[in-house]
Amino acid sequence: MSSLIAIDPVNHLNLQINPTQVVQHSKEQHLIPVVLSEFEHVALQYPLVITKNGESGQFLPVAMLGLSLSENLFLHDDQFNGLYVPLQLQRQPFFVGVDDEESAKSEQTGELVPYTVCFDPKSPTITGSEGERIYTDDGQETAFFQEAKQLLGQILEGEAANEQFINTLVELDLLQPLSIDIEYIDHSTQRINGLFGVDQAKFAQLSGDTLVALREQHFLKAIYAMIISLGHIYALIEKKNELLQAK
Amino acid sequence: MTHVTKKVVIVGGGTAGWITAGRIAAKHKQQVEVVLVESPNVAPIRVGEGTWPTMRNTLIQLGIRETDFIRACDASFKQGAKFAKWTTNEANDFYYHPLMLPQGFGQGDLTTYWHQLQQQANCGSFSTSVCFQEALCEQNLAPKTIRCAEFSHIANYAYHLDSAKFSTFLQQHCINQLGITQIIDDVVAVNSNENGDIASVSTRQNGLIDGDLFVDCTGFASLLLGGHYQVPFNDCSDVLFIDTALAVQVPYAEPDADIASHTISTGQPAGWIWDIGLQTRRGVGYVYASQYTTEQQAQDCLAQYVGPAVDKLEVRKIPIRSGHRSKFWQNNCVAVGLSAGFLEPLEASALVLVELAAEMISEQLPATRTVMDIVAKRFNETFLYRWQKIIDFLKLHYILSKRQDNDFWRDNRDPRTIPDSLLELMELWRYRAPADLDFTSNNEVFPAASYQYVLYGMGFKQTLAHTQTMPTDWSFEQQQFTQNQKMIAQAVANLPSNRALLDKIKQYGFSHI
C-alpha cells in the first residue's frame, strides 16, 4: 500500500471517488480480511476461514477468493462476479489514520486520540473527474463521504469484535488447521496449508451453557457461517477447473 | 507385603530438581505426591545455558507454553553449534554441527558423493552441502516465523536460556500448576530402613520427610548417592582434560545487536570458549585444562575474546570434575543432574541428560518397591551406556584437531587418551561413513549424522579406494545437493532474524496451532 494522505476540505475539495472501481483492489488478492458483522454475507458465496497475519502471527478471519497466492477467481476482465463485496474492499480508498501531532498532544493530556480519515492516492477508485465528490463546493461533507466514514467505523468496531471472537475460539480450543488437497481437471495437484477452521468434533461436544453463552455473544451464528461456508471451496475448485479447461 | 510408590521426594532444586519433579508430577499427580526440598543456603551452579531440541518436548510434557517460557527465561533459538579454530586454528577454520539431518539422510551415499566432489572441484563444506541450517546460522536467522505454531519449526531448533531464570520459572510452574510441595530447608541427615533404603531425610526446620523414592538433585555435592550411599565416582579426566571454567555475562553493545542463532565454540590453547546469545546478554566462558595453562593465561584468553568490555564484568571461576557415578540408582535413590556427573559443557550434554533421566524415571516410575530394583538395574544400564557414548562423542571433537600450539591438543590426540570404543569406530570410518547401524541401541544420544558433521567438518578423509559399494549413478545424491541449495535460498528469503522473531514473540506470542 502506498503512503496515505489525511483528507481535508482545503486540499481535497474537488476529490472524486469512483465507487464502481473498489473491486479492483481485490486484484491479485486471494484472501480478503473480513469482520464478524459481515460473516453471514461473506458465507453466502466465499469460504470463510482463518489465516495468520504475516506480520504478527495473529489469527485473522478472511474470505477466500482464490486458491493460491495472487489468484482472485471472482475478478474477470475487471468485472467482479461476487454477490457481496467485503467491507475491506467497499471502504476503498479510505482508511483510518492517527495524526502524529494530535497523538503526541493526547499523550500529554490523556485524552482519546481523534481518528483522521485518510485516503490512498494510488487507489484505482480515483479516476479523475468521474465518480462522487466527498465535499460540496462550500466544504461540507457529502452524503457519500459520510457513508464512507460510517463504513470505516463499522470496520473498526468489527476488528474489536473479531478479536473477542477469535479469543473465544482459542479458549474453547475450537480452531484446527485445515489441510486441503486438491486435484484439478488437468491432474495437477495442490496442497493448501496455513488456514484454520472450526473443529466440528469439538464444537459438537460443547455444553449447553457454553452454547448459550456463544449465542448471547452472537458468536454461534458466526461459527455456523464458517462451518457451512467451507463447502464453497468446491465452487472455487470448479471455477479454477473452468479456467484450466478454457486454456 | 507390596509397598506401593506413593511419595517421591526430590532433594535439591535447580533445573535438575524441578524438571524431574515436574515430569513425575505431570504424569502421576493423581497417584503420587511429589515433594521438593530445597536448601535456602546452596546456590545452584547455573551455567547450563544451552539445550537440545528435546527441551521442546520436555516443556510440552510439563504443560508449559512456549511464549511464556521464551518471555520469562531470556531465551533465544539455537540451531546448532559453530566450531571455530578447532582444526587448524587459522582464521577461516570453522565447521557446523547443525540440528538437522543431512538432506536425504539414510538414503543414497551422500558422504561418498561429497568426498568425490571434494577431490574433483572445490565444493562447499560437508554441512553446507547437505544441510540448509548453516546458512541460517551464518546470517543469524530464526528457525521459524511468528506464523508457526508454538514448538513447531521450519528448521529444527533448541534454546539458549538464562539458567537462573529458567530455574525460577520451572519452580513457579511446578508449584502453581503441577501441585508440587516445596519445602525450603536444609537436609541434615539421611535415615535408613533395615533393607538399606532411605526411609526419610531429616531437615533443620521441618523434621523428618519420608518418601518411597528419593531423587538426588543436590548438584556436585551428591548428598544421597555419593554421600550417603558412597557410590564411587568414575573419573574421566584421563579422556576429557577440562577441569575449570571462567564464566562471564557480556551485555550487547547495542540493544538491537544481532543474536546468534547457534552456540559459538572457539578453540583456545588449553580448551575452548563458549559464546551463547540470549535476548539481553551473551553468556561467555573459557573452559580449560589447568594442567596446560595458568589461570592468568586463561583470563587473558577470555579477555581477548570478550574485548575491552571484560574489565567491567565479574568473572566467575567454576571447578569441573569430569566424570560420573559408577551407577545412578541405588536402592530407592536415583541421582539426576550434576549429582550423577558432569563431563564438560561441549555439545550441551548436561541438560539433555537431566531431561532423559527425568523422562525415564517418570515413564518407568516403579509401581511398587518390588519392581524398583528391576527399574533401577535397567536405568543404570541405560545411563552408563549414554554417558559412555557422550564421552566418546565429546572426545571425537578433540582427536581430529591439527592444532600444535599447546600440548593440550597433542595429548588429546594421543591414542592412550582415547577410549577403545572410539578407536574402533574411527577404524571403521576410514572406509565408510558413520551409519545408523553403528549405533544400534534404543538409547542413542547422538545419531550417526552428528558423527558425520564432526568428522567431515574437521577434515577427516574417508579412503575412497576401498569403498566397497561405489555407485555408478549419482543422480539421487545430485538431487539431494540441488534440493539443499533450493532450501537454503527459500529459507534465507523467508525467515526473519533471530532478534526480530524474539521481539515479535514478546509483542504477540505464538498461537498453539
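Buried area is the accessible area, found with a 1.4 Å probe, that two parts lose on being put together, summed over both. The model examined here is predicted: local features need pLDDT of at least 70, side-chain atom pairs count only at pLDDT 80 or more, and totals for chains, interfaces and linings use all residues. Residues are numbered from 1 along each chain as its sequence is written, chains are lettered from A and ligands numbered from 1 in the order in which they are written, and side-chain values use heavy atoms, with hydrogens and water left out.

Between chain A and chain B, about 950 Å² is buried, and carbon and sulfur atoms give 52% of this area. On the side of chain A, the residues that lose the most area to chain B are A:Lys52, A:Glu55 and A:Ser56, which together account for 44% of what that side buries. The contact (heavy atoms within 4.5 Å) takes 16 residues from chain A and ten residues from chain B.

One salt bridge is counted between the two chains, a salt bridge being a side-chain nitrogen of Lys or Arg within 4 Å of a carboxyl oxygen of Asp or Glu. Here the side chains of B:Lys504 and A:Glu55 meet, at 3.3 Å from N to O. Strands E4 (48-52), E11 and E12 of chain A each give two or more residues to the side that touches chain B; E11(A) gives the most, with three residues. Helices (H or I, at least four residues) and strands (E, at least two) are DSSP runs, numbered from the N terminus.

Some backbone features also deserve a look. Most residues other than glycine have a negative phi, and most peptide bonds are trans. A:His187, however, has a positive phi near 70 degrees and is found in the loop between strand E11 (175-183) and strand E12 (189-198) of chain A. Phi is positive in B:Asn331 too, at about 50 degrees; this residue is placed in the loop between strand E19 (329-330) and strand E20 (333-335) of chain B. Buried means under 20% relative accessible area, exposed over 50%, and partly exposed in between (1.4 Å probe, protein chains only). A:His187 is exposed, at 61%, whereas B:Asn331 counts as buried, at 17%. A cis peptide bond, with omega about 0 degrees, joins A:Gln92 and A:Pro93, and A:Pro93 is found in the loop between helix H2 (87-90) and E8 of chain A.
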